[in-house]
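Colleague: Please take a close look at one helix pairing in this model and at the core around it. Which residues carry the packing?

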Amino acid sequence: MADVANGFWGKATSNVDWCENNYVHSYYVAEWFNTLSSVPVALFALHGLLHCWRSGFEARQLLVHSCFILVGLGSCCFHGTLTWQGQAADELPMILGSSVFLYTALHLRRDTPSMPILLFLLAFDVVATVVYFIGHFLVFFFLYSLLACPVMYLSVQHARLPNVSQRTRVIGILSVALYLGGFIVFWLPEKYACGNRLEDHYPTIFQSLQFHALFHTTSAFGTYLWSVFICLARMEWMAENRRGAFETRYAHLVPTAADAQTASTAERLSWWPTTIGLSGPCSVGLPLPVAVVLPKGGRQRNQYFSIL
């Protein structure tokens, strides 16, 4: 077994240790860059949660962002301590959160929840939690892949529908590309170049490249964009099908187009985060990390919808 440096949290009790050298930059943080790069995950999710709450989104969107926050905090615990408790705090929310993501992806174009899908995912989560505590890292990876792959597939399929606006399509495909691309370019090379440092350690240049931290960055942006995508896709579908909830649930007082054109700089700043743009069947403006949707031709204040 490799000789792994000990710090405040003692010897690593997790069943995997990543490529980054431990306790180099702080006595209290095991993997400094991997921990630091986990913070934006939680911050992006918190930003999305607050805006979804303000705009009155459905519970599923709030739950998506809440799980996203738990993943970010859990990742900090795991990489900061390298304890088995920290590892569980990271990996279990990833499994449970992915089941919420899958449920949301399956219900983008549905009015009512599907009880068979809901019961299946709940049963899967219970079994996955039990299996997780008696398994190894590869068990977690397998369980997570069973959920994450369908989410990405369904997202791309929805983005390719002809009645989806161009900007929503781009956001959906970009979100999947960022997450999957980061996994292929950063996660896989780092994992297999260094191995598990608790079992065998292969000193390589990857120890200084911080590929796992870079993967955290691409996955944070990718997951956040995916949360924007599902909100846009859901709202477009509701508008297309004239669902009454679209007029009431998501109504949010933001400036009209005329207001935006004549407003002073101070007024514009007071409206942040909103914007106005024109694209496809719905008007969408998206200077990251916000978006506003306006039914085409609409001019009344209650026809603007702030989503994320």
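Modeller: Contact here means heavy atoms within 4.5 Å. This is a predicted model. By that contact cut-off, and leaving aside neighbours within four places in sequence, Phe229 touches Leu108, Ser155, His158, Ala159, Thr168, Ile171 and Gly172.

Now the core. The largest nonpolar core has 60 residues, and Ile95, Phe140, Trp226 and Phe229 touch the most other members. Helices H2 (39–54), H3 (59–81), H4, H5 (115–134), H6 (137–159), H7 (166–194) and H9 each supply at least two residues of this core. H9 gives the most, with 13 residues.

Next, the pairing itself. Helix H4 (residues 84–106) and helix H9 (residues 211–240) have axes that come within 11 Å and cross at roughly 30 degrees. Angles under 35 degrees count as roughly parallel, so H4 is roughly parallel to H9. The crossing of H4 past H9 is left-handed. On the H4 side, the residues that meet H9 are Phe101, Thr104 and Ala105. Thr223, Trp226 and Ile230 are their partners in H9. By class, this contact has four nonpolar, two polar and no charged residues.

Leu82 lies in the loop between H3 and H4. Leu82 is not a glycine, yet its phi is positive, at about 55 degrees. Buried means under 20% relative accessible area; Leu82 has 1%, so Leu82 is buried.

How values were computed: Residues numbered from 1 in each chain as written. Predicted model: local features only at pLDDT ≥ 70, side-chain atom pairs only at ≥ 80, totals over all residues. Heavy atoms only, no water. Axes fitted to C-alpha atoms, helices over the stretch in contact; angles between N-to-C directions. Helix = DSSP H or I, 4+ residues; strand = E, 2+ residues; numbered from the N terminus. Parallel < 35°, antiparallel > 145°, perpendicular 65-115°, else oblique. Left-handed = near helix turned anticlockwise from the far one by under 90°. Nonpolar A, V, L, I, M, F, W, Y, C, P; charged D, E, K, R; others polar. Core = buried A, V, L, I, M, F, W, Y, C linked by side-chain atoms within 4.5 Å. Buried < 20%, exposed > 50% of the residue type's maximum accessible area, 1.4 Å probe, protein only.
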